[in-house]
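Visitor: Please put the model up and take me through it. I'll ask as we go.

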Amino acid sequence: MATLKSTGNGTESGKTKWDRVQEMDEFRLLILAKKEFVVPATVFFVIYYFALPVLVGYAPGLMSRKVLGPINLAYLFALSQFFVAWGIAFAYVGAARKFDKFGAHILETLKREGYDDRQDGKEGL
Amino acid sequence: MTIGKMERKVSKLMHLDMTLVLFLVFIAITLGITAWASRRSGSSASFFAANRSITAWQNGVAVAGDYMSAASFLGIAGLIAFFGYDGFLYSVGWLVAYLTVLLIVAEPLRNAGKYTMADVLAYRMNPRPVRAMASLSTLVVSTFYMIAQMIGAGSLVALLLKGSGVSFTVAVTCVGILMIIYVVFGGMLATTWVQIIKAVLLIAGTILLSVLVVAHFHFSITEFFQAVGNVTYHTPDGKTVVKDFMTPGLRFKLPYGPLELISLGVALIFGTAGLPHILVRFYTVPDAKTARHSVVWAMMIIGSFYIMTTFLGFGAATIVGRDFIAKNGGTNMSAPLLAKAIAGDVFFAFICAIAFATILAVVAGLTISASTSFAHDFWTNVIHNGVERKQGEERMVARIAAFVVGLIAISIAIILGPTANVAFLVALAFAVAASANLPVIVFSIYWKKFNTAGAVCGLLFGLVGSVALILIGPSIMGVDPPTVVGAARHAIQHAPIFPLENPGILSVPIGFAGALLGTFLGKKDPRAIQRFEELEVRANTGLGSEKATAH
């Protein structure tokens with residue numbers, strides 16, 4: 001860790017494999033695709049989750065209304081949180097298939113260009 | 001002695017024996033696993049990370065087993081039994097919190113780290129100060145959480161085995177010794193399997209109990225919820241009350257109730273992804289994809305369990321009743337008493353044994369994360385500058401640390417005693433995890449300009465902020481009438497300065513503010529920026545991540 005370049009085992013011109021990946025189009029696309037899913041999903045689940053304590057806390061009358069036989073709105077809204085969370089989780093797993101493809105492609109390109117992945121894992125730890 | 005009395009006595013002894021036998025069976029099986037695992041713990045990767053060979057479903061079940069504590073099983077069932085709907089709100093937060101783990105933390109952590117949470121924080125930064133702070137916050141979170149679990153365990157086991165001569169002290173000591181044995185001899189592999197067995201038992205018991213509750217209402221959900229709408233109990237002054245237990249607000253009343261709920265939500269949603277004992281579980285799987293799938297497995301199991309707390313809690317409220325539970329051990333006994341009421345002594349013994357297994361698995365997970373952090377972060381990286389001087393030294397230090405942490409937790413739990421108010425210890429653990437750990441984890445992975453000063457300040461502000469707000473909050477401060485004595489008395493007899501028991505709503509912004517402040521006031525850190533590019537590649541592609549080892 002003495003110099004900045006010492007952690008990657010670069011081939012020509014001292015360029016590390018990290019630099020090489022950073023300049024790949026696929027890597028930029030991967031980061032972008034992740035952002036496109038993770039940011040809206042996080043914003044949505046945080047708002048949806050906090051709507052529950054806010055509504056239950058400040059509008060208990062509305063939330064106590066029975067909507068399905070003896071079951072009230074408050075319980076249904078709480079129950080819906082579980083299914084929304086599961087839904088987001090499964091949607092993420094679906095979206096992540098694309099991320100994995102980008103990742104595999106990047107690693108393949110690196111291998112073809114002769115960057116070695118064997119000596120890693122101990123860096124900076 | 002009348003015949004009726006004798007019958008009761010005999011039945012009491014029978015369920016005691018049954019409970020004890022089931023406890024011993026569980027202990028025997030888990031010790032067998034520990035012996036098996038100890039023969040496989042020959043390297044650091046196997047001791048700290050189970051050779052990174054745990055599969056997605058196994059890790060998912062183990063995460064569930066690590067997470068669903070006695071607080072969820074007995075605590076939430078009790079809260080719902082006593083306060084109805086408001087108790088169920090806890091259940092929701094404990095599941096939704098896993099979205100933060102899934103979307104933001106699990107995969108980058110697996111790709112960029114090795115054994116501990118601090119691996120990711122120290123990756124770009126000057127490792128010594130960052131690791132020292134991260135290790136401190138890990139130890140605070142884990143030991144406080146552990147002490148809460150141990151006190152819960154002690155009073156629970158003493159209560160379950162009442163009449164058998166097992167006291168609080170004996171129970172705490174036994175739980176402590178078992179958890180030390182699992183971790184010291186079996187490492188992460190044994191801990192993982194203890195957690196898996198516990199989770200399977202807990203889910204099986206909960207499903208069985210839920211089905212029996214619905215059967216009690218002739219398999220009619222309508223009839224069940226109608227009963228929940230008319231729960232009768234008596235107030236301490238003898239008045240009869242009929243309440244709709246579906247109504248929100250029976251526990252969290254204005255003016256501070258809703259804020260308390262929101263603050264608790266903040267701590268849960270952002271704290272779970274900063275709990276060291278949950279995070280280390282993602283190092284036990286071979287790659288980020290498996291880590292991702294294991295979170296989804298965990299969410300399925302944890303979510304199903306928390307939905308079923310509806311039947312456990314409302315079932316106890318309607319079938320057993322608040323009056324009876326209050327006279328027979330209090331809120332925490334709601335689920336076991338429900339089991340007894342609908343299926344008799346054998347099932348009661350079974351549920352009690354599950355509660356015991358639940359506590360053991362959680363404390364084992366806490367012990368291993370605390371001792372790993374001490375050995376890997378503090379001993380090897382802070383004191384010895386990242387060099388393991390002798391082969392296996394880190395493992396040896398971790399074993400000693402597990403032993404010491406265990407002894408400290410046993411001693412503090414015994415000193416505080418069974419009547420201590422421990423709820424604030426759990427609140428503290430989650431608040432520190434959310435306020436100190438999470439902001440720094442998120443900035444390390446996603447913010448290029450983040451630097452060493454920012455990481456240290458974020459950890460420090462979050463840690464000190466949460467502890468301070470709890471110290472000046474209603475858990476510690478309050479004015480009691482002179483009739484309240486002993487451990488139940490507030491430590492500081494003064495009106496609380498901060499009105500909420502859960503500091504998350506204020507302490508999480510304090511943690512983020514500390515991280516921002518440190519980053520802007522601290523020195524520019526070109527190395528941290530350069531290494532960010534490396535971390536970004538690693539975290540997102542898995543390039544150079546720790547591989548599974550053959551076993």
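Visitor: Start with the loops. Where is B:R52?
Guide: B:R52 is in the loop between helix 2 (44–49) and helix 3 (56–67) of chain B. Helices here are DSSP runs of H or I of at least four residues, strands are runs of E of at least two, and both are numbered from the N terminus.

Visitor: Before we go on, what kind of model is this?
Guide: This is a predicted model, in which local features need pLDDT of at least 70 and side-chain atom pairs count only at pLDDT 80 or more, while totals for chains, interfaces and linings use all residues. Residues are numbered from 1 along each chain as its sequence is written, with chains lettered from A and ligands numbered from 1 in the order in which they are written.

Visitor: Back to B:R52. What is its phi?
Guide: Near 55 degrees, a positive value in a residue other than glycine.

Visitor: Is B:R52 buried or exposed?
Guide: B:R52 is buried, with 24 other C-beta atoms within 10 Å. The cut-offs are 20 or more other C-beta atoms within 10 Å for buried, 12 or fewer for exposed, and partly exposed in between, with C-beta atoms placed from the backbone.

Visitor: And B:H218, what is its phi?
Guide: Phi of B:H218 is near 55 degrees, a positive value in a residue other than glycine. B:H218 lies in the loop between helix 8 (168–216) and helix 9 of chain B.

Visitor: Buried or exposed, B:H218?
Guide: Exposed: B:H218 has 8 other C-beta atoms within 10 Å.

Visitor: Change of topic. How many helices and strands does chain A have?
Guide: Chain A has four helices and two strands, in the order α-α-α-β-β-α along the sequence. Of its 125 residues, 25% are buried.

Visitor: How many residues of chain B are in contact with chain A?
Guide: 47 residues of chain B are in contact with 49 residues of chain A. A contact means that the C-beta atoms, placed from the backbone, lie within 7 Å.

Visitor: Which element gives the largest share of the chain B side?
Guide: Helix 5 of chain B, with ten residues. The elements giving two or more residues are helix 5 (85–112), helix 9 (221–228), helix 10, helix 12 (288–320) and helix 19 (526–541) of chain B. By class, that side has 24 nonpolar, 14 polar and nine charged residues. Nonpolar covers Ala, Val, Leu, Ile, Met, Phe, Trp, Tyr, Cys and Pro, charged covers Asp, Glu, Lys and Arg, and the others, Gly among them, are polar.

Visitor: How do helix 2 of chain A and helix 10 of chain B cross?
Guide: The axes of helix 2 (residues 25–58) of chain A and helix 10 (residues 257–271) of chain B come within 8 Å and cross at roughly 165 degrees. Axes are lines fitted to C-alpha atoms, for helices over the stretch in contact, and angles run from 0 to 180 degrees between N-to-C directions. The two helices are therefore roughly antiparallel; that word applies over 145 degrees, with under 35 roughly parallel, 65 to 115 roughly perpendicular and the rest oblique.

Visitor: Which residues make the contact?
Guide: On helix 2 of chain A, A:Y49, A:F50, A:P53, A:V54, A:G57 and A:Y58, and on helix 10 of chain B, B:G257, B:P258, B:L261, B:I262, B:G265 and B:I269. They divide into nine nonpolar, three polar and no charged.

Visitor: Now helix 5 and helix 19 of chain B. At what angle do they cross?
Guide: Roughly 110 degrees, with the axes of helix 5 and helix 19 of chain B coming within 7 Å. That makes the two helices roughly perpendicular. B:P108, B:N111 and B:A112 in helix 5 meet B:L535, B:R538 and B:A539 in helix 19.

Visitor: Last one, the cores. Which residues touch the most other members of the largest nonpolar core?
Guide: B:L121, B:M150, B:I302 and B:L360, in a core of 220 residues. A nonpolar core is a set of buried Ala, Val, Leu, Ile, Met, Phe, Trp, Tyr and Cys residues joined through C-beta atoms within 7 Å. Helix 14 (residues 334–383) of chain B gives the largest share, 30 residues. A second, separate core of ten residues includes A:F99, A:F102, A:I106 and B:L543.

Key: Contact = placed C-beta atoms within 7 Å.
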